Each structure stands twice: as C-alpha cells, then as structure tokens.
Amino acid sequence: MHTPADRPDLSRAVEAEVRINPSILAADFVNMQAELARIAGADFVHVDVMDNHFVPNLTFGPQMVGRIQATSPVPLDVHLMIDAPERWAPEYAELGAASVTFHLEAATEPVALARRLRAIGARAGVAVKPGTPVEGLFDVLDEFDQILVMTVEPGFGGQSFMPETMPKLRLLAEQARQRGSAVWLQVDGGIGESTIAQAAEAGADTFVAGSAVFGADDPDAAIGALRSSALRHHHRAASRS
C-alpha cells in the first residue's frame, strides 16, 4: 500500500479551473513509457480498466496499472468499468492511484465505497452510463470528488460524442452550484476540439481525451489547445449562471 507521502502532488490539478486527462486507451501499448512521457503537460492520465463482464472488452488489471503508476509523470485517474467494484476498487487506491472512479450501475453501496477510497487516500469518483439518471446523486454530491458522465457507451475507444448526454451534465452542474459543492464534473467519450466546447458550456471541468491527444503529432500541444478551448467555454458558461 502507498502511504500519503508516496502519492503524487495534486495541487496543480486541484487548483486548475479545467483539467485534461488523456486516455491511454488511445496510446501505443507497446511503448507505454514513451507514450506517458509525451503527455507530461496533462493533469492526469486516464486509465480504463475493463473486465469483459461489465463491458464487452478487456484491458488492464492491477499489475499493469501498478507499472503505469510507477512510470507515469502525471497522476493516475483510474476508471473502473468492472463488476463488483466493492471488491476491486480499493486495490487500485492502494496502488497509489490519485483518483479511482467506479460505475454507479455496478456498485451496491456507492457512498460506502467512496468513503473507503477516500480513507485509503484516493479521490473517489462515480461514473454513469449515457442512459443512467443522475437525480439520485444530488443529495450525496459531496460524498464524491468526481462524477463522470459518459458521453459514449463505455467499453471501446473511438466512439462518437453523444450530445444527448449534455442535459444530464447541466443538471449536475446546476445542483453543484446550488449546493456549493466542489465536486469535479468529468466527461469521457468522443472529446476533441469540436466537442469539448459543448461539454464545457454544459458544466464539465474535467475532460478525458484519447485520439485527440495521442493521435496528434505533438500531444502536449494538443493538450494545451484543448485546455484553452475548455477554459474559454467554461468561462462563458460561468458568466451565464
């Protein structure tokens, strides 16, 4: 288990108005260490863990995530697309992941699990699929550090952004404002230059981008461009609230 002293410094990400988290699902797995070095300007690296049960795909397990943790220049934002997160999520927090997000649809006691992750030392996130309502989260917003609104169906990279998920994001953003909550609102799926504006204007402040970053000739420049666009539209949304 990692002690608090072993954990990465999150001060930059915590203080930022918006965060860009490249997804290594779009990276070259054979050259993972080199790929991680290409995104040193990111706030987090987004790591999708899939179990071929909750979603029809299989990616990483704890051993691989541990190696990524040991070599990444930026903190890990682990997204668990798995069954039985109560059993498995704490292990990823114990590996030293800065943030661990599990799916609301898979959890039996989401608040209790979030509290356990926080007790270990990780930020606790909860994710919802495109078709999952979010009203049940309104009264427990502060039990989570992050709410991930999936803007594609989870399981595969490279899908198209679903604009029909934006009303749900707006609801969460409005509730967070009304309740004075500091919860981060993350989006994942089809995020690029043409879609990040929609998500930022709807209230997102944390953005997972895959091919838009790793498919660029200069990933750090792509991160900077996405960050600038997100900030501009995030400010526009804030001025209207």
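Mentor: Two strands pair if DSSP finds at least two bridges between them. Strands (E, at least two residues) and helices (H or I, at least four) are DSSP runs, numbered from the N terminus. The model is predicted: local features need pLDDT of at least 70, side-chain atom pairs count only at pLDDT 80 or more, and totals for chains, interfaces and linings use all residues. Residues are numbered from 1 along each chain as its sequence is written, and side-chain values use heavy atoms, with hydrogens and water left out.

Trainee: In what order do the eight strands form the open sheet?

Mentor: Strands of a sheet pair through backbone hydrogen bonds, either parallel or antiparallel. Here the pairing is parallel, and the order is β1-β8-β7-β6-β5-β4-β3-β2.

Trainee: Which are the edge strands?

Mentor: Look for strands that pair on one side only. In the order of the sheet, β1 and β2 stand at the ends.

Trainee: How many residues of strand β3 are buried?

Mentor: Buried means under 20% relative accessible area, exposed over 50%, partly exposed in between (1.4 Å probe, protein chains only). Leu76, Val78 and Leu80 point one way from β3, and Asp77, His79 and Met81 the other way. Both groups are buried. The count for β3 (residues 76-81) is six of six.

Trainee: Which residue of β4 is the bridge partner of leucine 80?

Mentor: β3 also has β2 (residues 45-50) beside it, joined by six bridges and running parallel. There, methionine 50 stands opposite methionine 81. Four bridges join β3 to β4 (residues 99-103), again parallel. In β4, the partner of leucine 80 is phenylalanine 102.

Trainee: Which helix makes a β-α-β unit with β3 and β4?

Mentor: A crossover is right-handed if, with the strands pointing away from the viewer, the path from the first strand over the helix to the second runs clockwise. β2, α3 (residues 62-71) and β3 make one such right-handed unit. For β3 and β4, the unit is right-handed too, and the helix is α4 (residues 85-94).

Trainee: At about what angle does helix α5 run to β4?

Mentor: α5 (residues 110-120) lies across β4 and β5 (123-128). Its angle to β4 is about 165 degrees.

Trainee: How many Å does helix α6 reach from its first C-alpha to its last?

Mentor: α6 (residues 166-179) has 14 residues. The expected span of a helix is 1.5 Å times one less than its number of residues. That gives 20 Å expected, and α6 is close to it, reaching 20 Å.

Trainee: What covers the buried residues of α6?

Mentor: The buried residues are Met166, Lys168, Leu169, Leu172, Ala173, Gln175 and Ala176. Contact means heavy atoms within 4.5 Å. The cover includes β5, β6 (146-150), β7 and α7 (196-201).

Trainee: In β8, which residue is the bridge partner of aspartate 188?

Mentor: In β7, Trp184, Gln186 and Asp188 point one way, Leu185 and Val187 the other, and all are buried. β7 (residues 184-188) pairs with β8 (residues 206-209) in the parallel sense over three bridges. Valine 187 has phenylalanine 207 as its partner in β8. For aspartate 188, the partner is valine 208.

Trainee: How many residues apart are aspartate 205 and arginine 19?

Mentor: They form a salt bridge (a side-chain nitrogen of Lys or Arg within 4 Å of a carboxyl oxygen of Asp or Glu), with the closest N and O atoms 3.3 Å apart. Aspartate 205 is buried at 10% relative accessible area, and arginine 19 is buried at 1%. Aspartate 205 lies in the loop between α7 and β8, arginine 19 in β1. The separation is 186 residues.

Trainee: Is aspartate 139 buried or exposed?

Mentor: Aspartate 139 forms a salt bridge with arginine 179, the closest N and O atoms being 3.1 Å apart. Arginine 179 lies in α6 and aspartate 139 in the loop between β5 and β6, so the pair ties together parts 40 residues apart in sequence. Arginine 179 is partly exposed, at 41% relative accessible area. Aspartate 139, at 67% relative accessibility, counts as exposed.

Conventions: Axes are lines fitted to C-alpha atoms, for helices over the stretch in contact, and angles run from 0 to 180 degrees between N-to-C directions.
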